[in-house]
Amino acid sequence: MHITRRTLLAGLGAVTLPVALAGCGFVPQDTGGQADADTLTFTTWGTDAELAGFRSAIRAFQRTYPGRKVALNAVPYEQMFTNIDAQLQAGNPPDVFRVPYYSFGAYAGRGQLLDLSRSLNAGVGDRFTATAWAAVQSDGRPYGVPHHTDTSAMLVNTDLMRKAGVTGLPRSVDEAWTWDELGDIAGKLRDALPDDVYPFAYNWQGNGVTRWLSLLFQAGGAFLDADQKTPAIDSAAGREAVSFAQRFFEERWVPANDSIKSATYASDTWYRQRVAMVWSGAFQIPDAAQTLDFPWTATYAPRHERGGSDFGGNALVATAQTTKPDLAASFLDFITRRPQMQDFCERASLLPTRRDLVDGGLRFRVRPELTRTFVDQASVIQPEDVAQVASPDMASIITVLQNGLEDAFVGGAGARETVATLQRGIADATGGRA
C-alpha cells in the first residue's frame, strides 16, 4: 500500500480486451461458456502514473487478444477495501482486484481468492523472485501474482545535511550505515539543526506500522514462527528493535508527532523541510521531483545484525466467485510479463518482481539515477520475512503492533514490557501459544 500527496483517481470506463487467451503462462480451463465471459471487472486504486500503467497494459492486452473487455473501476484507496469486503459479502465482487501483500493472507485464508495453481503453468513462478512468489502463496498454492513491490530507503535533503556538516552518503547496500553510525549522524544533526528541525522521520504511520518490522529484521528477529501462528517477538532482538526506535523520541531524532498513530505522515514533514531525512518508498519520487524546490537524493536504510527492509507493494488477485477464471488468469499472466511490468514500474517508480528486471534493465522515468538504490535496498528482504507478513491474521496483528508500539514510543512503556505485550497480542490474533 502507498499513498502520495496527490489526490488519487478518476473513474475509468470499459477497455476492450482479448478473445484468444493463449499465453505462455496460462492453462485454459472450462468456464462453462457464460454470456458475459467477454468482460472482466477489475477494481484498483492508484496514482496517476499507476493508472496510466494499467491503461497501457490493458491496451496491449487488447492488441494481443482482440475481442474481450475489462471494466476498470478506479476508486480512492480509502474506499477500496470497504467496497471490496461489502461486495464479497454480497456475492458480487469484481473478478480481479489489487491488494497489498499484508492484506493478501486474510483474503486467501478466508477462501475468497481464486486458486491459480491449475490456471497458471508451474513455470510462471520462475519468472518472479523467491521473495515475491512467497508473498502470494497460501498453503503452498498461489492465489495471486506479485505485480510489483516497493521498499523504504531514505530520502535526503542534501542542503540540510551539508549545513550540518554531514557528507558522504553510503554508496551501496553493503555500505549502509549501521545503527551505531546512524545514531552518531542523528546526534550530529540534532546538535547542528534548529530546534524545530529534526534529523529524520520514520514512515510507520497507520498501516505503515509494518515498516517498524524492518528494524526487527535488522536485529535478526521475527514476529512469527514459520507456522504463521506462534509469536516470536518476545526475544532479545525484539527488545533491541523497540529500544532503538524509542531512542528516536528520547533523543529527539524525530518530531514528537512522528508516532505510529500520528495523523501527520512522515513524508509531509520532509516536504516541509522539518527533517533532513525520511524513510520512504520509491513511489514518492515522481511527486517529489515535481513538487520540491530543494536538492535531494536517496540513500540506503540502516543495517544491524543484517540488512532488513519492508516488502511493500501489491499483488493482483482474482476472486473465488469469478465466473471467468480463464479470462482472469490470462490477464494476471499477461500483466506480469516483462514488457508490461517494466512499463508499469518505470512509469510509477515502483520495483519489479520479475527476476529478469531485478537483475537489470529497469530505469525509473523520473530521477532514473535513484533506481539502483531502491532495487538494491529490496535485495536485503528475505523470503521468511515476507512469509510472516503474509499471515492470514495480519490485519489483527497490525492493530496489536499499532497499540503496543505507540505505548512504547509515546506512552512510557519499556522495551521488555512492550515485547511481552506484543507476544500476547499476536498469540491472541493468531490462536498460537504465547
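Predicted model: local features only at pLDDT ≥ 70, side-chain atom pairs only at ≥ 80, totals over all residues.
The crossing of helices H1 and H12 is right-handed.

H1 covers residues 48-64 and H12 covers residues 338-348. Their axes lie 8 Å apart, and the helices pack at an angle of about 160 degrees. Angles over 145 degrees count as roughly antiparallel, and H1 and H12 are therefore roughly antiparallel to each other. On the H1 side, the contact is made by Ala49, Glu50, Ala52, Gly53, Phe54, Ser56, Ala57 and Ala60. On the H12 side, Gln340, Asp343, Phe344, Arg347 and Ala348 take part. Sorted by class, the residues of this contact are 7 nonpolar, 3 polar and 3 charged.

A second helix pair can be read in the same terms. Two packed helices are described by the angle between their axes and the distance between the axes. For helix H8 (residues 236-250) and helix H17 (residues 415-430), the angle is about 125 degrees and the axes are 9 Å apart. That angle makes H8 oblique to H17. The crossing of H8 and H17 is right-handed. Where do the two helices meet? H8 contributes Gly238, Arg239, Val242, Ser243 and Gln246, while H17 contributes Ala415, Arg416, Thr418 and Val419. The contact of H8 with H17 has 3 nonpolar, 4 polar and 2 charged residues.

The next element is a sheet. Here 4 strands form an open sheet with mixed pairing, and their order is E9-E10-E8-E11. Why is one side of E9 and one side of E11 left without a neighbour in the sheet? Strand E9 (198-201) and strand E11 (296-299) stand at the edges and each has a single partner strand, so one side of each has no neighbour there. On average, neighbouring strands of this sheet are turned by 25 degrees against each other, direction ignored.

One of the pairings can be followed in detail. Strand E10 spans residues 275-281, and E9 pairs with E10 in the parallel sense over 3 bridges. Phenylalanine 200 has methionine 277 in E10 as its bridge partner.

A helix also belongs to this picture. Helix H6 (residues 179-192) packs on the sheet and touches both E9 and E10. The direction of H6 makes about 130 degrees with that of E9.

Definitions and conventions. Residues numbered from 1 in each chain as written. Heavy atoms only, no water. Pairing = 2+ DSSP bridges. Axes fitted to C-alpha atoms, helices over the stretch in contact; angles between N-to-C directions. Contact = heavy atoms within 4.5 Å. Parallel < 35°, antiparallel > 145°, perpendicular 65-115°, else oblique. Left-handed = near helix turned anticlockwise from the far one by under 90°. Nonpolar A, V, L, I, M, F, W, Y, C, P; charged D, E, K, R; others polar.
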